[in-house]
Amino acid sequence: MAERTAAPAPARRPSANGAAGAAAHPERGVGSYASSARILSIGIASTGIFTFLYLAFASHELSPASYGRISLLWAVMFVILSVIYRPIEQLLSRTIADRRARGLHGHPLRVPALIQSGFALLFLIVALALRPQIENDMFGGSSALYWILVVGVLAYAASYFARGWLAGQERFDLYGGLVFLESTSRFLFALAVAVGIASGQDAVGLGMAVAPFVSLMVIPFAFSRVTRRGPAGVPAADAAREGPAHAEIETAATDLTLRRGAGFAVAVVGIMFAEQTLMNGGVLVIAASSGAGALTSGLTGFVFNVLLIVRAPLQLFQAIQTSILPHLAGLEARESPEQFHRAIRITLRAIAAFAGTVALGLLLVGPAVMTALLGNKGFHYGRVGLAVVGLGMGLHLMSGTLNQAALARGRAKLASIAWLLAAALFIVLVATPTISNEVTRVEVGYFTATLVLSGLLWAVYRRGAAPASPPARAAPQR
């Protein structure tokens, strides 16, 4: 299949080392996904809570216009971060997990680092060239918010690179610690405004620039233990003989070329751009179509608050999203289709139960809870609309799970096409005034787009389904 060349293709037959490692550790991969998700869930759940509190405090403490600019800063920053940095996180996670599953020494860091640096440099050039438009048209003339955007995006390059490395190494304890430090440090700035230590939108926004620097405090702990572990399936004695540099840090990995890495990254750029369009496109389209009136009236901040129903669960389920890709990549490398499908089934069932519960809760008490936590900015939450967004959130999470299956199988191009089609549909539905109420257009458009997306990715997943094949035999040693 042509799609497989877009991603660093795992070897279908492990080397002698990889086969021996798999035989020596047959339990690997069976319970690792569930246990990894449990470990990471604690940190991610806490992260989701503090992220929600950061935005809730900002919503209560700032004027509608100021909160609208903070919402816009958040939306723009995390669209950029997801588009230019998440692909490298996924590339590192998948490639490192695949090599560990095959018992190979050395992990390819040079190519991902080059791509990541190129994306960061491209952002800086564009941001400097468009400074007047960003500062004046987007942030109402606030140079502070402009520099928060620039510094924050550049700092997150290292944070997302570290996430990919930790996920591939299955260091989910440190991954959870990284995102926990990020969210709590950011929340402290909103808390400072709430208690009167600081004031204004600039103080709240500054947390977005400081957070990525604080998150990197976990990195020394990662390298302090790097010499104690070898690749999965490789006996500790063998790893020790090779030396720590050979065991964990790239020396001369040749199976990830710049062409393959860039191909995978570009496909995931499309996926991340589409996902952020689903999460933030409604806010940006409303802001663009209504102009300054959307900010001063509070409509931009209100639409942003409605879509927090999507953000908080997505951040919570990042635990599963993060752990499932290296897990599935390892299963794909070891040719374990039954375990592969079982992991997908368990995840989809859990998501369906969760989304159904959330939608029911929103239908019953959604407006009261949302108003109490976030305020209404002069608008009113509709219980049916909130429940529709809740159902769309479940479809979004299912799509994310099916997307990880596609990435693990090397079908990044097909997945990217599905995401981009769904994102384009969402923008058309929001921008076309077929429904007079802007908020309702966003709610209905989001549900419709995620329904189409989940159907397309299910088709990609079923296309990749194959009967179980005999286990690969180790290559004869020479």
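User: A crossing is left-handed if the near helix is turned anticlockwise from the far one by less than a right angle, and right-handed if clockwise. Which hand has the crossing where α20 passes α21?
Analyst: The model is predicted, with local features needing pLDDT of at least 70, side-chain atom pairs counting only at pLDDT 80 or more, and totals for chains, interfaces and linings using all residues. Residues are numbered from 1 along each chain as its sequence is written, and side-chain values use heavy atoms, without hydrogens and water. The crossing of α20 past α21 is right-handed.

User: How do α20 and α21 run, roughly parallel or roughly antiparallel?
Analyst: Helix α20 spans residues 412–431 and helix α21 residues 438–463, with axes 8 Å apart at an angle of about 165°. Because of that angle (over 145 degrees counts as roughly antiparallel), α20 and α21 are roughly antiparallel.

User: How many nonpolar residues does the contact of α20 with α21 have?
Analyst: Contact (heavy atoms within 4.5 Å) involves W419 and F426 of α20, and Y446 and R463 of α21, among others. Of the residues in the contact of α20 with α21, 2 are polar, 2 are charged and the nonpolar ones number 18.

User: What is the angle between α7 and α9?
Analyst: Helix α7 covers residues 143–168 and helix α9 residues 201–215. Their axes lie 8 Å apart, and the angle is about 15°.

Notes: Axes are lines fitted to C-alpha atoms, for helices over the stretch in contact, and angles run from 0 to 180 degrees between N-to-C directions. Helices (H or I, at least four residues) and strands (E, at least two) are DSSP runs, numbered from the N terminus. Angles under 35 degrees count as roughly parallel, over 145 as roughly antiparallel, 65 to 115 as roughly perpendicular and the rest as oblique. Ala, Val, Leu, Ile, Met, Phe, Trp, Tyr, Cys and Pro count as nonpolar, Asp, Glu, Lys and Arg as charged, and the others, Gly among them, as polar.
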